[in-house]
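Hi everyone, thanks for making time. I'd like to walk you through one protein model today, so please have a look at it with me.

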Amino acid sequence: MGYFGYYYYDATYLLVILGAILSMIASARVNGTFSRYSRVRSMSGMTGAQAARKILDRNGLYDVKVEHIRGNLTDHYDPRTKVLRLSDATYGASSVAAVGVAAHECGHAVQDGEGYEPLRIRSRLAPAANFGSRFGLPIFIAGLIFGANEVLMQIGIWVFLLAVLFQLITLPVEFDASKRAMAMLTDYGILGDAEADGSRKVLRAAAMTYVAAAAASVLNLLRLILIARSRDRD
């Protein structure tokens, strides 16, 4: 950090830019991959909703509901209400992409039913993580505004760390859900081996968005730490 001519520059902005680039690349990749395989119809003809219901029933999760939700790739499983929500491009579509995404969300439902510990940790951490992502940076900035207040800056860093931890614990949860999804799709005869390759590529691309999000969070945390240390030296 320093001055160049009459302009102040902060080299740590490069970390933010890097994180944004990683996120954009991952987002473009998942959208492109999903779009490609959403045009490949599964031989079984099952829709995402039908595949989800079959997977849930095969695992004894009769109490988990499958609902339609508006949006694009807004699919998710809510462990609090035991509801699996599938988006417009997934619920009624019979493509290998739609079936793969539906199976992935079923993977989370199965994790929940088995008491998968990383999912439990993520669920418990979610409220604190939401607080950290919302208030960590403002608290840190307040510390900068009020004369580089070291206490406020440190509080901001620790609060933001909660959001980073949530992103990191999300990774094994998502990877495991995808692994379960691919096994169930082939074991239950929903997709053939050749078709499953398309679903696998979609889920791999989706997984990279979580990796990019975690990397961006870590880079932002590193930036806050570097700024705090530079203020200490000043």
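This is a predicted model: local features need pLDDT of at least 70, side-chain atom pairs count only at pLDDT 80 or more; totals for chains, interfaces and linings use all residues.

Residues are numbered from 1 along each chain as its sequence is written, and side-chain values use heavy atoms, with hydrogens and water left out.

Now the overall picture. The protein has seven helices and five strands; these are DSSP runs numbered from the N terminus, with helices being H or I of at least four residues and strands being E of at least two. In sequence order, you get β-β-α-α-β-β-β-α-α-α-α-α. If you box in the C-alpha atoms along the principal axes, the box is roughly 65 × 35 × 25 Å. There are 234 residues, and 44% of them count as buried.

Contacts next, where contact means heavy atoms within 4.5 Å. Take the contacts between residues at least 6 apart in sequence: 70% of those join residues at least 24 apart.

On to the record. An unreviewed UniProt entry lists residues 6–26, 155–175 and 207–228 as "transmembrane region". Positions are in the numbering used here, feature names are shortened, and such annotations may be inferred rather than shown by experiment. What does the model show for residues 155–175? That stretch is 100% helix and 0% strand, with its end C-alpha atoms 32 Å apart. Residues 207–228 likewise come out as 100% helix and 0% strand, and there the end C-alpha atoms are 32 Å apart.

Let's zoom in on Gln-167, which sits in helix 6 (residues 150–187). With a relative accessible area of 21%, Gln-167 is partly exposed. Setting aside neighbours within four places in sequence, Gln-167 contacts Ala-213, Ala-214 and Ser-217. Gln-167 and Ala-212 are 45 residues apart in sequence, yet their C-alpha atoms are 9.7 Å apart in space.

Ser-199 belongs to helix 7 (residues 193–233). Is Ser-199 buried or exposed? Ser-199 is buried, because its relative accessible area is 0%. Not counting residues up to four places away in sequence, Ser-199 touches Val-96, Gly-100, Met-182, Leu-185 and Leu-191.

Val-96 turns up again with Met-43: the two are 53 residues apart in sequence and 8.9 Å apart in space, C-alpha to C-alpha. Met-43 lies in the loop between helix 1 (13–37) and helix 2 (48–58), and at 75% relative accessibility Met-43 counts as exposed.

Back to Phe-135, as promised. Rings of Phe, Tyr and Trp (its six-membered ring) pair if their centres lie within 6.5 Å; planes under 30 degrees apart count as stacked, over 60 as edge-to-face and the rest as tilted. By this rule there is one aromatic pair. The ring centres of Phe-131 and Phe-135 are 4.9 Å apart and the planes are at 40°, so this pair is tilted. Why are Phe-131 and Phe-135 separated by about one helical turn? Because they are four residues apart in helix 5 (residues 117–145). Phe-131 is partly exposed too, at 41% relative accessibility. Leaving out neighbours within four places in sequence, Phe-131 is in contact with Gly-136 and Val-159.

Last stop: backbone angles. Most residues other than glycine have a negative phi. Leu-73 isn't a glycine, but has a positive phi of about 55°. You'll find Leu-73 in the loop between strand 3 (65–68) and strand 4 (76–78). Lys-82 also has a positive phi, about 60°, without being a glycine. Lys-82 is in the loop between strand 4 and strand 5 (83–86), and with a relative accessible area of 30% Lys-82 is partly exposed.

Technical notes: Buried means under 20% relative accessible area, exposed over 50%, partly exposed in between (1.4 Å probe, protein chains only).
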